[in-house]
Amino acid sequence: MPELAEVEKYRRLAEAAALHRPIGEVVAPDDWYLKGGLTARAVKRALKGRSFTAARRIGKQLLLDSDRDGPVLGLHFGMAGRLIVDGRAAITDLWWASNRELEKWDRFAIRFEDGGDLRMRDSRRLGGVTLDPLESKLGPDALAVTLGQLRVALGRSTAPLKARLMDQARLAGVGNLAADEALWRAGLDPRRQAGSLTDQEVRRLQRHLRQTMGDLLDRGGSHTGDLMPERAAEGACPKDGAPLVRDRVGGRTTWWCPAHQL
């Protein structure tokens with residue numbers, strides 16, 4: 001599923017292959033996929049004839065700037081969305097999603113004047129497209145979050161720690177798999193109140209969170225964490241061999257080790 005690591009791969013593909021190419025056509029066949037009141041007519045009028053000048057990412061959101069003071073195209077990939085440019089997919093092995101190459105799953109596309117294209121292919125139709133998304137609604141990016149920013153994100157909240165980490169308005173980019181991995185590495189119970197961490201624990205979490213995000217990106221996706229092979233029935237903690245516990249935290253399936261995550 002696309003989390004920070006996958007979307008960073010998408011960003012790099014867009015940066016390498018989709019910039020400075022005049023847009024000849026915008027294909028938006030699915031009105032439901034256009035968010036924030038956006039219509040197919042409006043997005044076509046806004047982008048046709050322009051070129052993308054930069055590919056940015058905040059958390060799990062891909063942002064494509066356009067030239068001549070044009071709009072920012074925001075792409076959100078949901079649970080199964082993939083980015084394909086000129087037939088090349090940035091990720092070919094999404095976890096818990098189909099990787100079949102079916103054009104009927106193309107929800108949005110940019111066709112360049114040179115004949116190539118950029119497509120959002122989403123088998124589960126849970127992503128979305130916006131123009132000029134409110135970037136201020138997203139918290140600091142988890143890949144580079146500072147200690148001070150993490151302290152602010154956790155605050156004095158009584159919400160479960162995992163839920164707070166996955167709140168994109170507080171901290172952008174932490175998905176379900178990355179949250180389990182980072183908390184397992186940091187030795188913190190995902191059910192704890194976010195505001196209950198000591199200063200030492202916050203420091204440990206910040207260090208492991210950034211390291212986790214970097215490792216998952218280097219390895220090729222959020223499914224490549226050390227905990228992931230055991231994140232299943234009868235799974236055992238890779239650190240101490242204790243049986244893993246499964247529950248729902250913040251509405252998401254969660255696995256953790258009761259022996260060292262305290």
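Modeller: The dialogue below treats helix packing, cysteines, selected residues and backbone angles in turn. This is a predicted model, in which local features need pLDDT of at least 70 and side-chain atom pairs count only at pLDDT 80 or more, while totals for chains, interfaces and linings use all residues. Residues are numbered from 1 along each chain as its sequence is written, and side-chain values use heavy atoms, with hydrogens and water left out.

Colleague: How is the packing of two helices described?

Modeller: Two packed helices are described by the angle between their axes and the distance between the axes. Here helices (H or I, at least four residues) and strands (E, at least two) are DSSP runs, numbered from the N terminus. Axes are lines fitted to C-alpha atoms, for helices over the stretch in contact, and the angles run from 0 to 180 degrees between N-to-C directions. Take helix H3 (residues 147-154) and helix H6 (residues 199-219): their axes come within 10 Å and cross at roughly 115°. H3 is therefore roughly perpendicular to H6 (angles under 35 degrees count as roughly parallel, over 145 as roughly antiparallel, 65 to 115 as roughly perpendicular and the rest as oblique).

Colleague: Which residues of H3 and H6 make the contact?

Modeller: Contact means heavy atoms within 4.5 Å. On H3 the residues are Leu147, Leu150, Arg151 and Leu154, and on H6 they are Asp199, Val202, Arg203, Leu205 and Gln206. By class, this contact of H3 with H6 has 5 nonpolar, 1 polar and 3 charged residues (Ala, Val, Leu, Ile, Met, Phe, Trp, Tyr, Cys and Pro count as nonpolar, Asp, Glu, Lys and Arg as charged, and the others, Gly among them, as polar).

Colleague: At what angle do the axes of helix H5 and H6 cross?

Modeller: The axes of H5 (residues 176-186) and H6 cross at roughly 130° and come within 9 Å. H5 is therefore oblique to H6. From H5 the contact includes Ala178, Glu181 and Leu183, and from H6 it includes Leu205, His208 and Met213. The residues of this contact of H5 with H6 divide into 8 nonpolar, 3 polar and 5 charged.

Colleague: How many disulfides does the structure hold?

Modeller: A disulfide is a covalent bond between the sulfur atoms of two cysteines. The criterion used is a pair of cysteine sulfur atoms within 2.5 Å. The structure holds 0 disulfides. Cys237 is in none, and the nearest cysteine sulfur, that of Cys257, is 3.7 Å away.

Colleague: Are Cys237 and Cys257 buried or exposed?

Modeller: Buried means under 20% relative accessible area, exposed over 50%, and partly exposed in between (1.4 Å probe, protein chains only). Cys237 is buried, with a relative accessible area of 4%, and Cys257 is buried at 0%.

Colleague: Where does Trp255 lie, and what is it in contact with?

Modeller: Trp255 lies in strand E11 (residues 252-256) and counts as buried at 8% relative accessibility. Its C-alpha atom is separated by 9.8 Å from that of Cys237, 18 residues apart along the chain. Leaving aside neighbours within four places in sequence, Trp255 is in contact with residues including Asp180, Leu227, Arg231 and Leu244.

Colleague: Where are Ser157 and Thr130 found?

Modeller: Ser157 is found in the loop between H3 and helix H4 (161-165), and at 12% relative accessibility Ser157 counts as buried. The C-alpha atoms of Ser157 and Gly195 are separated by 4.8 Å, although these residues are 38 residues apart along the chain. Beyond four places in sequence, Ser157 is in contact with Arg164, Gln193, Ala194 and Gly195. Thr130 is found in strand E9 (residues 128-131) and counts as buried at 19% relative accessibility. Not counting residues up to four places away in sequence, Thr130 touches Lys35, Leu38, Gln61, Val72, Leu73 and Gly74.

Colleague: What is phi of His20 and of Asp69?

Modeller: His20 has a positive phi of about 60° although it is not a glycine. His20 is found in the loop between helix H1 (4-17) and strand E1 (23-27) and is exposed, with a relative accessible area of 58%. Asp69, also a residue other than glycine, has a positive phi near 60°. Asp69 is found in the loop between strand E3 (61-66) and strand E4 (72-76), and is exposed at a relative accessible area of 83%.
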